[in-house]
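Please walk through this structure step by step. Begin with the view below.

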Amino acid sequence: MLARAKAKCVFNFHGSGAVSHGSVDPGALAGHTRVDKLPAVLDFAFRQAVIETVAGTRGTDAFEVLFKGDALYEGGMDAAQQLPTFVSNHDNCRFACYVARHFRRRATTRACGA
């Protein structure tokens, strides 16, 4: 794919694989850039960190785990900075859905006296 783009003088072509897992730890995603030789992957770990901090129960330490794992990608931290990021898409529940669920749970818990 990259060779074809280069042959057609498309030098800013950016390809990525859509591999998913539900963890903040980017190790499984990074493996696809090393083992499968994908130039990049969608940053599902970033998505998970946002969901866990904003719509979940985890603190900002989720981002510490995420950023420490950047070195695992083929090409290291520079490669990790090229990953396409997002917080919701058609394959998963939309981000607002996670936020709504979290705040509904908190409201229900307070109403029940917990």
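This is a predicted model: local features need pLDDT of at least 70, side-chain atom pairs count only at pLDDT 80 or more; totals for chains, interfaces and linings use all residues.

Residues are numbered from 1 along each chain as its sequence is written, and side-chain values use heavy atoms, leaving out hydrogens and water.

Start at Arg-47. It sits in helix α3, residues 44–54. Helices here are DSSP runs of H or I with at least four residues, numbered from the N terminus. Arg-47 is buried, meaning under 20% relative accessible area with a 1.4 Å probe, protein chains only. Yet Arg-47 has no salt bridge; that would take a side-chain nitrogen of Lys or Arg within 4 Å of a carboxyl oxygen of Asp or Glu. The nearest side chain of opposite charge is Glu-52, 8.5 Å away. Lys and Arg count as positive, Asp and Glu as negative; His and the chain ends are not counted. Beyond four places in sequence, Arg-47 touches Phe-86, Val-87, Ser-88, Asn-92, Cys-93 and Tyr-98. Contact means heavy atoms within 4.5 Å.

Next comes helix α4, residues 61–68, where Ala-62, Phe-63 and Leu-66 are buried. Seen down the axis of α4, its buried residues fall within an arc of 95°, so they line one face of the helix. The arc is taken from the directions from the helix axis to the C-beta atoms. Helix α3 is among what covers these buried residues.

Finish at Ala-80, in helix α5, residues 76–80. Ala-80 is buried, at 9% relative accessible area. Neighbours within four places in sequence aside, Ala-80 contacts Asp-70 and Tyr-73. Phe-67 lies 13 residues from Ala-80 along the chain, and their C-alpha atoms are separated by 8.9 Å.

Definitions and conventions: Helices (H or I, at least four residues) and strands (E, at least two) are DSSP runs, numbered from the N terminus. Buried means under 20% relative accessible area, exposed over 50%, partly exposed in between (1.4 Å probe, protein chains only).
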